[in-house]
Structures are given as structure tokens and as C-alpha cells.
Amino acid sequence: IPGGGNLHRVVVSDANAEQAQNFEPFGFDDSPYPDDLWSFLQRTEESTGARFIAIPHNSNISKGVMFDARSLRDEEIDAQYAALRMRWEPIAEVTQIKGDSETHPLLSPDDEFADFETYPFYIQRNLQEYSPQVGDYLRSALKLGLEIEQKEGANPFQLGMIGSTDAHTGLSSADEYNFHGKMATDSIPANKFDGFGSRGGTSGWAMSASGMAAVWATENTREAIIDAMKRREVYATSGPRIALRFTALPQGFDPDVQASDRPAEDSMELLSQAIAQGSPMGSVVGGSQAPTFYVEALHDPLSAFLDRIQIVKGWVDEDGVSQEKIYDVALSDPARRLADGTIMPIEDTVDRRTGMVDNRVFAAMLSTVCADPDFDAAASFYYARVLEIPTARHSFLDALALGLKTAEGQPDTIQERAYSTPIWVKPE
């Protein structure tokens, strides 16, 4: 944590017990530089046969350093460094207990859902005002990666997205109604609103009941899970077990096939074939035509129904500057889309007396085929963001348990979500 900027990596491996007995963990006391960690992982793979991945962790409080245009040695990122980083860090953590790392309102001012579980506290004793930087957030990192690739020919931030918990209790509880907190001292509601350490710092209520890592593996083995992580076929949720599929369909696929004159059975068969032949999340696809995607989300039966599916796009314009745009591609009720294209906000059905949510009017499942209406043959990325309807935040449920009307300083409700790994498009 140099200067209070968090640069933790979570290292995962498919090592078995025998292999694990042949190496010791590599820590800050060995070296503060990530590339030295990667060298250690290379040597250990060669000597043991085990495989490793390093996962950037809690980038939102890295003071702009986690996804910077320069290395921690203050050297400009070149193609060699970019390839090395992507070899060892193919995925990153986008949401967890110490806040969400997708984006920030100051970095994405046109994103109405950017201010989600924002965590404005650094890991240091002397309080310092939080200042979000480009290098702190995944969406900004994905955009910066496109800019670096345009200059250097390689993208160091072609990152898959997972969620994690980061609890220091041994309890990976990511549900709002069953959140045991980050620290053991947070195990009961009465302890959570007290601050940690310095006055005015963080508290148990400031923590987020998040998140989950979802992996599209071919089987439930260490080897298959590492394989999926390496190919970035993973996604993140902020806690609920939302099922999410995001696929780039083959070039030339008719995005209006479901609305064509074909019988419904034939249309679904054609779509199923296109999905099977398509490229899943984490892929890099070529082509000069606008990409067409299939996205599908199923709600967690133990959580709330779904509000919408969005596609987040990033690209580099003709001036070499990265841009972003968000498309609402599937809604729980299409009538919420107004004539000017804006979307009516979803109704808040949380009972303020009990914290319970009413699923009466929303969608258990959403799916759609959509194409980029603004494609201009620029290098770009796309990822899906799925939003639940509003539900009670853990701090509000704590407040109710304590006989309070609200948790001071925290919202009563949140909209839980899932993030797919992007699909990158490199026009031929």
C-alpha cells in the first residue's frame, strides 16, 4: 500500500497440496513491484507445474496507480510490459466489500448508475480526502487500454471482471440480509455503525455486502476454473447469484431474426445456432460490420427481480481519445422507454417498515439480440451490466433491527448488479 494507495493482488492457483509444499508465498517483503511477483510466478510454474493468476484487488482506492499509463517503476508501458501484464493478470476485481470499482460519477458523469457503493476511504491512518483517478476504476482502465494499444500495439488492460468479498472473518457472506461484515467486530448490527480507527473514517455500514465471482467453466475442477479465468470467461455480481450470458454473434447474423416472418421455433433454432457459433464474454472479435450481441440474464431466485440490461461501450475516437456510451437494451417493461429515448426510473417497492421488496411488476428474466447502432469501425469494447430492482441495503436492515428509521449517512436501498467481462472488437 505505497503512500496509502492499495495495490493488493489476489493470487489464485490450481496447485494441489504436494505442489504447494514446494514454494512459499511472495509478498511485499520480497518486492513491492508487480513485475517481480510475475517473475516469481513464472519460476514457480516452471518448478512445480502449478498455474497461477494474479488478480488486481480494490483498485478503487489505489490513488490512480493500479491501472496507470506508467508502471510502478515510473516507466512508460510498452508492448512487452503490456503482454507480460496480460499474461499474469487477465482478470480484475470490479466489486467487493471495500466498494465498487466499475466507475465513478466524476469519471462517468452521463451514467446515472455510476454512484454505486462508492467507498471514499484510503487504507491509511492519517485521513485524506478521497479523489477518484482514472487508474482506480475498471471502465477507465478498459478505455485507457485501448489508447495504449493504439500507440504500442498491445493492451495491458484487456481485463475480465469478477467480484470478491474480502471479508476478514472467514465468512464469505455477500447477501444484504445476511452480511457478517468485513471484520469479526461487525458480526452484530450494534457494532457496524461505529467507525474504525480515526474519527470520521470508515465504518461497518460504509462497507459493501459484495461480491461474487462467476466462472463459465467446462467442469467444476481447479484446472477448468483456471482455464476459464485465463480466457476471461467470467463475470461479477455485487452479491446476488444472477445468471448472465453475453455473446458476440457471428458476422452477418440478422439482429431482427426474432421478429421475422419465420415461425417462432425456426427463429429460436437459428438464434441457438448463432449463439453456439458466437464468441463468449472475454473474446476478441474482428470484422468490419457492426457487432451483434446476444445477452441474457436470469434473476437470483433468493433475491429480487430485474430492472434492465445495459450494454456499456468504450472506443477510441479519431483524435485518439477514449469515449464511452451506455445503451439500455432490455427493460422489465418496454413501456418505460419514452418517446425521447429516456427510461422511466424503476419503482422502489421496498417496505420501509420491514425491508422486504415486492417483486410484483418486474422481470424474472431478460434477453435480447442487439447491434451497435453507432459503429464506426473503431477499436472498441462492450460489456453487459444487469440491474436488479431496488432492494434494502444491509445498513438499512441493521438500522431496522436497532429500532432506527434509517442508517445515517447510507442509502436505504441499492440496485444490485452483475457485470459481464467485455468483448473486444478489432475491425479488420
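Me: What makes the stretch that holds Glu-45 a helix, and which helix is it?

Reply: Glu-45 is found in helix H2, which spans residues 34–48. Helices are DSSP runs of H or I with at least four residues, strands are DSSP runs of E with at least two, and both are numbered from the N terminus. The model is predicted, with residues numbered from 1 along each chain as its sequence is written; local features need pLDDT of at least 70, side-chain atom pairs count only at pLDDT 80 or more, and totals for chains, interfaces and linings use all residues. Side-chain values use heavy atoms, and hydrogens and water are left out.

Me: Why is Glu-45 called buried?

Reply: Its relative accessibility is 12%. Buried means under 20% relative accessible area, exposed means over 50%, and partly exposed lies in between (1.4 Å probe, protein chains only). Glu-45 therefore counts as buried.

Me: What makes the pair of Glu-45 and Arg-87 a polar contact?

Reply: The two side chains make this contact at 2.8 Å. A polar contact is a pair of N or O atoms within 3.5 Å; within protein, one must be able to donate a hydrogen and the other to accept it, and residues adjacent in sequence count only if both atoms are side-chain atoms. Arg-87 is also one of the residues in contact with Glu-45 (heavy atoms within 4.5 Å), along with Ala-50, Arg-51, Phe-52 and Trp-88, when neighbours within four places in sequence are left aside.

Me: Why is Asn-58 called buried, and what is Ala-377 called?

Reply: Asn-58 has 0% relative accessibility, so it counts as buried. Ala-377 has 46%, so it counts as partly exposed. Asn-58 is found in the loop between S2 and H3, and its phi is near 60°, a positive value in a residue other than glycine. Ala-377 lies in the loop between S14 and S15, and its phi, again positive in a residue other than glycine, is near 65°.

Me: What makes a group of residues a nonpolar core, and which members of the largest one touch the most others?

Reply: A nonpolar core is a set of buried Ala, Val, Leu, Ile, Met, Phe, Trp, Tyr and Cys residues joined through side-chain atoms within 4.5 Å. The largest has 36 residues, of which Phe-67 and Phe-157 touch the most other members. Its largest share, six residues, comes from H4. Beyond four places in sequence, the residues that Phe-67 touches include Pro-56, Arg-85, Leu-138, Leu-144 and Phe-157. Apart from this core lies another, of 27 residues, among them Val-285 and Tyr-382.

Me: How do you know that S11 and S14 pair, and in which sense?

Reply: Two strands pair if DSSP finds at least two bridges between them. Strand S11 (residues 292–298) and S14 have seven bridges, in the antiparallel sense. One of the residues of S14, Val-369, is the bridge partner of Tyr-294.

Me: What makes S9 and S14 edge strands?

Reply: The open sheet has four strands in the order S9-S8-S11-S14. Strand S9 (279–280) and strand S14 (365–371) each pair on one side only.

Me: Which residues of helix H6 are buried, and what covers them?

Reply: In H6 (residues 222–230), Ala-224, Ile-226, Ala-228 and Met-229 are buried. Their cover includes strands S1 (9–13), S6 (212–215) and S7 (234–237). Just after H6, Arg-232 takes a positive phi of about 65°.
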